[in-house]
Amino acid sequence: MTAIAVQAQRLLAQRRPQRPFLESFIRALIIVCAALALVLSSISICDGHWLLAEDRLFGLWHFCTSSNQTGTHCLRDLSQAHVPGLAVGMVLARSVGALAVVAAILGLELLMVSQVCEDLHSRRKWAMGSVVLLISFVLSSGGLLSFVILLWNHVTLTGFTLMFWCEFTASFLFFLNAISGLHINSITHPWGQPRKL
C-alpha cells in the first residue's frame, strides 16, 4: 500500500501545474498586439508614402509631385527630389524598416511556439521572442528617425501621412509588447518544471 502511495505522489509531482488564467490571458494579449503591430508595420513599409510637403509626396520607394496641369507624377529615382542624400538615405531607411518586419515575424513566431508547444524551454523561447521584438523596435525606430532626419527641412506635424503614423504606432507596440513580455516572464514562476513535494 505504501509503494502505491509513493508512486501516486511521484506522478502528481511530475504533472505540470496549470498556469493561472490571468497569465495565459496576458500572454495571449501580447501575442495579438504583436501581430497587430506586425500588420501595421508591413502595410506602412509596403506603401511607403510617409510625408506630404505642399505639392510633393515623399516616400520610401517613390517621390511624387502633383499639379493641376499634369496631375500626380511619381518617380522611383529619388535624386529627382533635389534633397541632398535622399536616394542613399532612403535605401538605409527602407532596409532597416524591412529588417524590423522580418525580426517581428521571428519574434512573434517564438512567442506563439512557446505557448503552443509547452515544454521546459517554453519560458526561454518566450524571452527570446520578446528580445527579438525589442530588436524590431530598435530597427523600426531607426527607420523612422532616419526618414525624419533626411527630410527635416520639409517636415511638419500635419504633413505626416497615415502610413507614417501606422509605422510609428507599430514601433511603439513592438516596444510595449517586448517590455511586457520580458516583465511577465520575470514575475511569474516557471510552469514547465515539475512540482516539489
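Two strands count as paired if DSSP finds at least two bridges between them. I started from that rule, and I kept in mind that the model is predicted.

**Entry 1: the sheet**

I looked up β1 and strand β2 (residues 56-59) and found that they pair in the antiparallel sense over four bridges. I then looked up which residues face each other. Leucine 51 stands opposite phenylalanine 58 in β2, and alanine 53 stands opposite arginine 56 in β2.

The link between the strands came next. β1 and β2 form a hairpin with two residues between them. In that turn, glutamate 54 has a positive phi of about 55°.

I followed β2 to its other partner. Three bridges join β2 to strand β3 (residues 63-67), and the two run antiparallel. Arginine 56 has threonine 65 as its bridge partner in β3. I noted that β2 and β3 form a hairpin too, with three residues between them.

What is the order of the strands in the open sheet? I wrote down β1-β2-β3-β4, four strands with antiparallel pairing. β1 (49-53) and β4 (71-75) each have a single partner strand, so one side of each has no neighbour in the sheet. I also noted the angle between neighbouring strands of this sheet, which is 20° on average with direction ignored.

I looked for salt bridges and the count came to one. Side chains of opposite charge can pair when their charged atoms come close. Here glutamate 23 pairs with arginine 27, and the closest N and O atoms are 3.0 Å apart. The two residues are four apart in helix α2, which puts about one helical turn between them.

Are glutamate 23 and arginine 27 buried or exposed? I found glutamate 23 buried, and arginine 27 buried as well.

**Entry 2: the nonpolar patch**

I turned to the surface and found a nonpolar patch formed by Phe21, Leu22, Phe25, Ile26 and Leu29. Together these residues have about 530 Å² of accessible area. I checked isoleucine 26, which lies in helix α2 (residues 21-47). Isoleucine 26 has a relative accessible area of 31% and is partly exposed.

**Entry 3: aromatic rings**

A pair of aromatic rings is described by the distance of the centres and the angle of the planes. I searched the whole structure and got 10 aromatic pairs. One of them is phenylalanine 21 with phenylalanine 25, a stacked pair at 6.1 Å centre to centre with 20° between the planes. The two residues are four apart in helix α2, about one helical turn. Phenylalanine 21 counts as exposed because its relative accessibility is 67%. Phenylalanine 25, at 44%, is partly exposed.

I compared this with tryptophan 165 and phenylalanine 168. Their ring centres are 5.6 Å apart and their planes stand at 80°, so this pair is edge-to-face. Both residues lie in helix α5 (residues 162-187), three residues apart, about one turn of the helix. Tryptophan 165 is partly exposed at 32% relative accessible area. Phenylalanine 168 is also partly exposed, at 45%.

Which residues form one aromatic cluster with Trp165 and Phe168? I listed Trp50, Phe147, Phe160 and Phe164.

Note on methods:
Residues numbered from 1 in each chain as written. Predicted model: local features only at pLDDT ≥ 70, side-chain atom pairs only at ≥ 80, totals over all residues. Heavy atoms only, no water. Patch = residues over 30% accessible without salt bridge, like charges linked within 9 Å, V, L, I, M, F, W, Y side chains within 5 Å. Areas by Shrake-Rupley, 256 points an atom, 1.4 Å probe, with all protein chains shown as cover. Salt bridge = Lys/Arg side-chain N within 4 Å of Asp/Glu carboxyl O. Buried < 20%, exposed > 50% of the residue type's maximum accessible area, 1.4 Å probe, protein only. Axes fitted to C-alpha atoms, helices over the stretch in contact; angles between N-to-C directions. Phe/Tyr/Trp six-rings, centres within 6.5 Å; stacked < 30°, edge-to-face > 60°.
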